[in-house]
Amino acid sequence: MKKILLTLFILLTILSCKKENNYDDNVELCKLLSEMTSDDQRIRRMDLLKNGTSTQKDSLWKIQNQIDKQNTELLIEITEKRGWVSKKELDCNGTMAPVVIFRHSPKEYFEKIQELIETESKEGRMKGGDYMFIENHLKGRPDFDIQIVE
């Protein structure tokens, strides 16, 4: 457990060191978004999060909440500077899912994210599925009302 928390602490420290990113370079942006997606899922996939003690779970969630906050701030910055980007647009081979980053965003960013997704949708840079998935989170994740057409 100590090794896990130390590793996560180091990861969090690295994430908190802000560096200048080049959002115009598709390769660099793909790599960055892939790292963010990986960071988003690392703790959420840990068995310890399901089977650990309440203290362990609380500690892991505190770290995850910080990662979510940093990822959200960075994705807001990317979207403001570059617009909403897709894996296809970047010709990205890595696993990147910016929609998941906003899906896990803290409430303090909801208003800003709503403004961004409205703009990105109107400008045609964000597909309806991404918009719907993020907006669902911003509205408290109500059940999707999906109409099946036969």
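Reader: Which helix gives the largest share of the lining of the second largest pocket?
Author: This is a predicted model, where local features need pLDDT of at least 70 and side-chain atom pairs pLDDT 80 or more, while totals for chains, interfaces and linings use all residues. Residues are numbered from 1 along each chain, and side-chain values use heavy atoms, without hydrogens or water. A pocket is an open set of points on a 1 Å grid where a 1.4 Å probe fits, with protein on both sides within 12 Å along at least five of seven lines, and lining residues have an atom within 4 Å of a point. The largest share here is 3 residues, and they come from α5.

Reader: Which elements each supply at least two residues of that lining?
Author: Helices are DSSP runs (H or I, at least four residues), numbered from the N terminus. Those that each supply at least two lining residues are α5 (87–90) and α6 (98–103).

Reader: How much space lies in this second largest pocket?
Author: The volume is the space filled by probe spheres set on the grid points. For this pocket, that's about 230 Å³.

Reader: Which lining residues are the closest to its centre?
Author: The lining has 15 residues in total. By class, 7 are nonpolar (Ala, Val, Leu, Ile, Met, Phe, Trp, Tyr, Cys or Pro), 6 charged (Asp, Glu, Lys or Arg) and 2 polar (the others, Gly among them). The closest to the centre are W84, V85, S86, K127 and D130.

Reader: What share of the chain's residues count as buried?
Author: Buried means under 20% relative accessible area (1.4 Å probe, protein chains only). Of the 150 residues, the buried share is 43%.

Key
Buried < 20%, exposed > 50% of the residue type's maximum accessible area, 1.4 Å probe, protein only.
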